[in-house]
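The sequence and the model are shown first.

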Amino acid sequence: MTTAIERPAQRIATGREIPRSLWHQLHRTDPYAVPTQSAEWIDSLLAFGGYHDASRLYTTGGGRTTLLPLVRRSFPTGGATILQSMPSSWGFGGLVAPNGASPRLVTDILDDLERSPALRVRIRPNPLQADVWSAATAGRNNVTVIPARAHVLDLEGGFEKVWAQRITGPTRSAVRRAEKSGVVIESDNTGRLVPVFYELLLRSFDRWARQQHEYLWLARFRGRHRDPQAKFRIIADRLGPHCRISVAWVEGRPAAAILVLQDGANAHYTRGAMDKDLASPVRANFLLHRTAIEEACRAGCRSYHMGESGTSQSLSRFKERFGAVPVDYAEYWIERVPVHRADRALRRQVKRVIGFVDAH
């Protein structure tokens, strides 16, 4: 008996040709999908400006459908185009498919992307599918692999199990300290708390500059350029109830805040900010995350994604206190002109000149 060979996935629609109802269905039925792979997230990018929807919808011979959220950015000089899933500071991309993507699907999509005339294709996939992407990219000489690390908390078993078995004892003590200190948590999903959150983020820019020996003006410029307040207003508007900002108040003053996206099977802690002098003594951040984790469990989420950790040991330790585990994954670049190494070398040189110190 012979087995039919399934033909490679074929692209059948791009950009606004993709029905939003189908996008929502695929996102709902992918157990690994994160909010930054949603249609509303792409809408946020388009509203922010400078990007065009270049998402791609594929189908296989077996009738399976998969989607790659993707945006295009064009530059006037020479008409160069860059494809990204997702751009820097805009979260994770990668494939969305019922029951998750397979190495075969990723291989087919990479074949299609390699035929693109774009100067660069950048894929920052969902870390929850790191093994799938690693298997599909093995042996591809024209794909640059950039190692990365994120942290993810498994919510299986519900909040009581997470609280008792995964969140560490010292963290539970820190949460109780915050509660006894009178820390008040206020959450909102209408965008009303964006100004409060952003004021704390500006204070964080200054604190990070001091920690990293970076010029204050440069840190502020980089921070505001990467994350202007308008960006968070747009996200809150486009994602609506799926974007929640929580603020920890200490004696009537905002001490810390987090932005959590919760759409689909997994919640995603996306940004955090604080006034360290107010927040640290009363452990305000611990109560913020405890509240967000409980809400994610209540909503039936499979995981609480705590985002990129990089090489920062202190950031990793903080996340691991909540039971999040490190997930090694990679970002992938397909380049017609190999600029990644040159870009990385230039960044290292600039850091040496200004005395920049990476977070520990």
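The model is predicted, so local features need pLDDT of at least 70 and side-chain atom pairs count only at pLDDT 80 or more, while totals for chains, interfaces and linings use all residues. Residues are numbered from 1 along each chain as its sequence is written, and side-chain values use heavy atoms, with hydrogens and water left out.

**Salt bridges**

Side chains of opposite charge can pair when their charged atoms come close. A salt bridge is here a side-chain nitrogen of Lys or Arg within 4 Å of a carboxyl oxygen of Asp or Glu. Across the whole structure, 27 salt bridges are found. Three of them are set out in the table.

| Salt bridge | N to O distance |
|---|---|
| Glu 308 and Arg 124 | 3.2 Å |
| Lys 161 and Glu 156 | 3.2 Å |
| Arg 192 and Asp 188 | 3.8 Å |

Glu 308 and Arg 124 form a salt bridge. Because Glu 308 belongs to strand β13 (residues 303-308) and Arg 124 to the loop between β7 (120-123) and α4 (130-137), this pair ties together parts that are 184 residues apart in sequence. Helices (H or I, at least four residues) and strands (E, at least two) are DSSP runs, numbered from the N terminus.

The surroundings of the paired residues can be described by relative accessible area: buried means under 20%, exposed over 50%, and partly exposed in between (1.4 Å probe, protein chains only). Glu 308 is partly exposed at 29%, whereas Arg 124 is buried at 12%. Lys 161 is partly exposed at 29%, and Glu 156 is partly exposed at 43%. Arg 192 is partly exposed at 47%, whereas Asp 188 is buried at 11%.

On a 1 Å grid over the protein atoms alone, a cavity is a set of points where a 1.4 Å probe fits but cannot get out, and a pocket is an open set with protein on both sides within 12 Å along at least five of seven lines; lining residues have an atom within 4 Å of a point. The second largest pocket holds about 210 Å³ of space, a volume being the space filled by probe spheres set on the points, which are joined across faces, edges and corners. The largest share, three residues, comes from β8. Among the lining residues are Tyr 32, Asp 154, Asn 266 and Arg 302.
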